[in-house]
Amino acid sequence: MTTPPGSLREKTDQEVVALAKDGGEEAYRELIRRYERPVFSLIFRMVRNRELAEDLSQETFIKVLNAVQSYRPEFKFSSWVFKIANNAAIDHLRKRELDTLSLEGSPHADTPELIEATALQISERGESQLQEVENRELGGTIERAIERLRPEYRSCILLRHVEGRTYEEIAEVLNLPLGTVKTYIHRARNELRILLKGLRDE
Amino acid sequence: MTPWPTTHLTADDLDAFHSEALNHEMRLHLETCRECQTLVALDREVLDGLGRLPSLSPRDGFLDRVMARVAIGKPAPVPVLSFPRLTRGRVTALIAAGVGMAASVAWSSVNRPVLDRWLETVGSTVWTRGNLLWQQGFSYLASQPWFDTLRELSSTPLRLAAVSLAVIGLYATGLLALRRLVTPSAGTVSNAGA
């Protein structure tokens with residue numbers, strides 16, 4: 001079954017998913033087109049590695065699209081996609097114990113050499129896109145400040161203030177009570193204010 | 001004179017400020033409090049910075065790489081009940097059960113009078129014991145202090161109908177509550193485990 005790509009752009013997520021369920025290849029492509037940038041941005045800002053972010057984004061879409069037949073339309077499609085993407089990033093961070101990546105090195109590094117090594121690992125990854133972003137003064141400072149947040153705070157703040165999701169949707173995505181989401185976002189903003197001020201003063 | 005206690009802007013006040021919904025009292029406070037002015041300015045800067053972060057995109061060909069690994073239109077696998085595989089042990093057990101049943105039928109048809117006698121003895125014992133148990137149970141119920149009330153409630157057909165309806169309602173509510181309790185939590189996004 002083929003649907004012209006142009007007509008798909010005007011359809012809602014639910015409508016496109018319904019077409020995908022009917023086996024429409026173009027509908028699958030449209031879903032990827034809609035979410036590839038938000039999903040990749042979120043994962044990249046969580047794991048700070050382009051290759052890895054691509055792999056995890058790819059895994060996210062494969063999971064979502066291979067399970068599209070079992071998708072229940074009473075739930076928001078975007079919540080589902082972001083949930084799988086966030087889980088992929090968090091799982092990776094847990095596995096690699098990079099849960100509090102910092103420009104100053106891993107918190108698990110207990111010698112100056114290790115601290116330097118882990119710090120270099122992060123800054124030497126040559127993320128051209130990240131460097132490009134960091135060249136912009138405020139954007140760069142914010143990107144660096146986000147890196148220092150706890151992963152839970154990072155997910156919340158990125159979903160709320162970068163992806164523009166509502167508190168309720170973030171609660172759905174992260175499986176957290178609404179109050180916790182609000183607290184995390186406020187704490188994250190508080191930390192970002194402190195970090196921003198600190199980075200400015202450096 | 002005791003100075004009025006200073007209440008600085010809370011996190012909710014900050015949100016209210018950004019959505020232009022800060023209340024009058026806090027607005028007045030903000031006009032004079034240098035600390036809160038700095039806080040608001042920094043918070044605005046953070047939000048501006050976050051809002052201006054660019055949307056990043058994966059390398060070219062991402063879509064095709066994903067599509068190469070997606071099974072289009074393939075329905076979700078449905079678990080199918082299948083007949084258990086016949087192993088040697090299972091076949092032996094089946095044969096043994098079949099032989100046992102056949103032997104039982106054969107013996108029953110040959111020894112019909114013996115079987116009838118046994119059944120009669122067992123039947124009469126069960127009947128007598130059952131009857132006795134029933135009588136004991138009923139007399140126990142009748143001796144309860146609430147029995148008269150219960151009998152009163154079912155004294156007319158109308159009352160009996162009302163009581164029955166109430167009991168059915170209670171039972172249905174219990175069933176619903178139990179169903180909610182035993183249903184595994186799906187979270188708010190049921191598909192997320194995919």
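I take helices (H or I, at least four residues) and strands (E, at least two) as DSSP runs, numbered from the N terminus. The model is predicted: local features need pLDDT of at least 70, side-chain atom pairs count only at pLDDT 80 or more, and totals for chains, interfaces and linings use all residues. Residues are numbered from 1 along each chain as its sequence is written, chains are lettered from A and ligands numbered from 1 in the order in which they are written, and side-chain values use heavy atoms, leaving out hydrogens and water.

**Chain A overall.** I counted 11 helices and zero strands in chain A. I then looked up burial (under 20% relative accessible area; exposed is over 50%, partly exposed in between; 1.4 Å probe, protein chains only). Of the 202 residues of chain A, 54% are buried. Next came contacts (heavy atoms within 4.5 Å). Among contacts in chain A with a separation of 6 or more, 59% join residues 24 or more positions apart.

**A:Leu158.** I found A:Leu158 in helix 9, residues 151–162 of chain A. A:Leu158 counts as buried because its relative accessibility is 2%. Leaving aside residues up to four places away in sequence, A:Leu158 touches A:Leu42, A:Arg45, A:Met46, A:Ile146 and A:Glu163. I also checked A:Ile170, 12 residues from A:Leu158 along the chain; their C-alpha atoms are 10.0 Å apart.

**B:Val91.** I moved to chain B and placed B:Val91 in helix 5, residues 88–110. B:Val91 is partly exposed, because its relative accessible area is 33%.
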